[in-house]
Amino acid sequence: MEKYNPAAIEKKWQERWSKAKIFEAKKRGKNYYLLEMLPYPSGRIHMGHVRNYTIGDTIARFKLMNGYNVLHPIGFDAFGMPAENAAIAHNIAPKQWTLENINYMEKELKTLGFSYDWSREIITCLPEYYKWEQKIFIEMYKKNMAYRKDAAANFCNKCQTVLANEQVEDGCCWRCGEKVEKKRFSQWFFKITDYADELLEDMKQIENGWPEKVLTMQRHWIGKSYGSMVDFRIEGTEKFLSVFTTRPDTLFGVTFVSIAPLHSDLPELIAGSPQEKEIKKFIEKNSTGTTSEAELAKREKEGVFTGIQLVNPVNGQKVPLYTANFVVTDYGTGVVMGVPAHDQRDYDFAKKYNIPIKYVILPDHDISKDAAYIDKGVLVDSGPFSGLSNTDANNKITQFLEKHKLGRTTAQYRLRDWNVSRQRYWGAPIPVIYCRQCGIVPVPEKDLPVVLPDNMKISGEGGSPLKNDSSFVNTTCPKCGRSARRETDTFDTFVESSWYFLRYISPRENAPFNKAEAEKWMPVDQYIGGVEHAVMHLLYARYFTKVLRDLGYINCDEPFARLLTQGMVIKDGAKMSKSKGNVVNPDKLISRYGADTARLFSLFAAPPEKELNWSDAGVAGAYRFLGRVWNLLIPLSKQLPLQETGKDIDLSNLPDSTKSFLSLFNNTIKKITVDMENYHFNTVISKLMELTSSFSKFKITCEHDRTVAGVAASGLIRMLAPMVPHFAEEIWEKFGGKPFVSKTKWPKYNKQQIFVDKFNIAVTINGKLRDQICIDPETGDRELEKLALASPKVIKFTAGRAIKKVIVIKNKIVNVVI
């Protein structure tokens with residue numbers, strides 16, 4: 001018998017699919033947009049890619065077989081730091097490195113048989129893509145959605161470059177080990193904070209399709225909190241420092257106020273004071289490292305008294321102003337009030353610097369004064385508010401502040417405007433010109449794209465080489481014609497990935513995308529990617545969709561109707577990574593077992609949202625299963641015609657063994673279809689294994705058996721097709737099926753051909769057996785309840801009594817509680 005040879009089979013069908021262009025989206029049935037997060041062209045795909053894209057491809061193929069017009073595109077998120085790092089390490093231009101990697105990864109992806117519409121491929125580092133990003137930016141700038149301001153950034157003096165937070169390791173540059181400083185630069189921002197409330201509110205539109213953990217992470221990232229903005233007057237002046245607090249009930253307990261070391265007002269506040277020199281040293285010390293919540297929590301709390309006294313607006317008491325290393329400029333106003341009696345961090349700080357501690361909320365029992373009291377209680381030493389519960393006092397004190405114009409109710413957000421400037425070469429140029437006469441001038445649309453120069457020498461030192469390229473920098477002002485210079489910052493690469501899903505819809509359009517086509521396809525029906533993108537890419541994509549809506553490009557509010565976050569691939573107890581030496585090379589796996597085995601294992605080993613524990617034995621097992629199916633069906637292909645439907649089978653003349661197998665077959669279709677719709681691919685494969693085992697024992701003894709076997713062969717091949725498409729196509733062809741099985745209809749079960757043995761189930765009333773009813777195993781809970789309550793015996797024993805509830809334990813018992 002012909003052996004299963006995946007290498008020959010898979011190449012054959014990949015070529016046929018490509019030639020026939022069967023996966024190009026055309027008008028046929030209802031539109032369905034399926035998308036996996038586009039990959040970064042690192043040069044090699046890994047098993048995480050294989051799993052992610054196999055999940056997506058299986059869904060896409062299933063939808064195609066169910067009559068949908070499926071859009072399933074692919075592209076590459078091609079800008080970014082790794083290309084610059086590779087350019088430095090290998091003395092190669094980033095563009096060359098990137099395009100060579102893309103070429104290699106395209107071949108790898110095609111060897112896995114993914115049903116991509118390659119005619120829509122986009123590569124974000126090419127001018128034909130980022131031209132439209134530049135156009136959108138200019139429109140945003142003109143509508144005050146984008147702006148430029150001074151902002152602090154991580155800076156390495158040795159490398160002369162800005163670093164992302166992720167590139168700062170223990171306060172040092174990841175590349176050279178030099179201490180990193182915070183320096184202020186003029187940078188470009190998108191006003192994402194204008195959309196903070198809408199980003200929160202519109203979660204209602206997607207809450208049934210997105211994992212709750214992702215929405216929770218976004219809520220935390222946006223970080224909306226309600227409270228009071230309280231004005232503390234600087235003693236001896238009419239100037240104020242505003243403090244945001246969610247606890248106005250503790251205002252009478254304020255004994256100090258802290259200001260962030262990098263607060264923009266601090267240099268002016270301390271200018272000429274005796275403390276200026278000491279505070280400048282403190283600022284310098286705290287200008288290194290990042291300001292993440294995790295780092296702040298670990299950092300030893302330190303501060304310096306500024307010499308300034310503030311006046312507490314609720315009681316007129318003077319409190320000292322410190323600059324403290326646990327206060328950041330990125331939340332609230334960068335100034336916080338210290339209430340050591342009711343905040344443990346403030347308590348520790350006050351103890352260290354001998355600051356008074358004043359308890360203003362107490363419970364109805366004695367408490368230890370060796371720690372902050374953070375629970376509920378009654379106000380004491382709080383003027384006219386003493387005796388109120390602290391929850392009531394919150395509202396009363398807020399009203400007092402507003403009445404006397406000392407504060408106001410407000411909402412604050414953790415979310416900050418999106419800094420899109422990167423002082424790097426390998427990114428899309430920001431389309432702005434600086435003119436001494438005219439100021440900031442957007443590049444005219446007719447001059448777009450502003451093309452990034454190719455093949456620039458990158459050393460990794462001295463910042464972006466763009467600023468030293470006179471042919472790029474020097475230009476003329478489009479307004480006045482005088483000499484001017486171009487912006488040398490490039491866009492954050494998250495900008496490219498915030499709208500690429502729209503470009504796929506009409507990738508060759510002489511516009512960002514075709515609005516009419518976008519109306520047909522958006523939002524994306526199913527989006528798939530890692531949970532690690534929850535609060536960067538996914539949040540930015542939601543924001544950018546709303547911006548494009550407000551600019552008139554689209555009408556939808558949200559980009560992705562459903563989101564699936566697949567689990568990581570684990571080997572030897574850890575995530576696969578080169579550093580841990582536990583990476584499995586997909587190329588070697590495919591060479592040995594074939595792409596369909598790799599696909600089958602990645603779907604069978606775990607549910608999509610769970611971690612997948614790598615198992616060499618599991619891969620071998622998947623290969624053996626395909627071998628069993630092959631050995632079952634190939635001999636039958638020479639004996640039987642395919643029967644795509646069994647609706648004409650005469651059930652009256654079927655032997656019991658044939659009826660039993662036919663029933664199992666139809667029940668398998670029924671269950672698998674539900675599992676496919678819910679992405680339970682591991683249980684789908686398990687059921688197919690059971691069906692294969694039963695099929696192999698089925699004996700063909702008459703013409704009726706031949707018909708049933710032909711129907712079962714057709715159904716089994718089609719149910720395998722979304723998961724192991726090359727394998728299914730080959731067997732389908734062996735049976736004489738018309739190409740392509742990938743485009744045939746998904747099998748439907750025949751209810752009349754599912755034969756189940758009925759059985760009795762007990763019906764009890766308050767735990768006492770009163771009747772038994774005959775049911776089949778597929779009877780649902782609601783139907784069971786109806787049958788039980790309709791029983792004459794149940795009616796007799798419940799007459800005149802109120803039924804409190806009915807408890808159904810499936811296939812075991814129905815208990816009526818009266």
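At 53% relative accessibility, Asp194 counts as exposed. The structure described here is a predicted model. The side chain of Asp194 meets that of Lys191 in a salt bridge, with an N to O distance of 3.8 Å. Lys191 has 19% relative accessibility and so counts as buried, because the buried class covers values under 20%.

The search of the whole structure found 36 salt bridges. One of them joins the side chains of Glu276 and Lys280, at 3.3 Å from N to O. Both residues lie in helix H10, which spans residues 276-285. Glu276 and Lys280 are four residues apart, about one turn of the helix. Lys280 counts as partly exposed, at 48% relative accessibility.

A further salt bridge links Glu558 and Arg542, whose closest N and O atoms are 2.8 Å apart. Glu558 sits in the loop between helix H17 (537-550) and strand E27 (563-565), whereas Arg542 belongs to helix H17, so the pair ties together parts that are 16 residues apart in sequence. Both partners are buried. Glu558 has 4% relative accessibility and counts as buried. Arg542 has 0% and also counts as buried. Elsewhere, salt bridges with shared partners join Glu2, Lys12, Arg16, Glu730, Glu733 and Lys734 into one network.

Nonpolar residues were examined next. The largest nonpolar core holds 184 residues. Within this core, Phe190, Leu633 and Phe695 touch the most other members. Helix H20 (residues 616-637) gives the most to the core, contributing 11 residues. Leu633 is in contact with Phe695, Ala713, Leu716, Ile717, Ile731 and Phe735, leaving aside its neighbours within four places in sequence. Another core lies apart from the largest one. This other core has 36 residues, including Leu251, Leu266, Ile270 and Ile283.

Strand pairing was also examined. Three strands form an open sheet, in the order E29-E28-E30, with mixed pairing. Strand E29 (574-575) and strand E30 (612-613) stand at the edges. Each has a single partner strand, so one side of each is left without a neighbour in the sheet. Strand E28 covers residues 569-571 and pairs with E29 in the antiparallel sense, over two bridges. Lys571 has Ala574, in E29, as its bridge partner.

How values were computed: Residues numbered from 1 in each chain as written. Predicted model: local features only at pLDDT ≥ 70, side-chain atom pairs only at ≥ 80, totals over all residues. Heavy atoms only, no water. Core = buried A, V, L, I, M, F, W, Y, C linked by side-chain atoms within 4.5 Å. Buried < 20%, exposed > 50% of the residue type's maximum accessible area, 1.4 Å probe, protein only. Contact = heavy atoms within 4.5 Å. Pairing = 2+ DSSP bridges. Salt bridge = Lys/Arg side-chain N within 4 Å of Asp/Glu carboxyl O.
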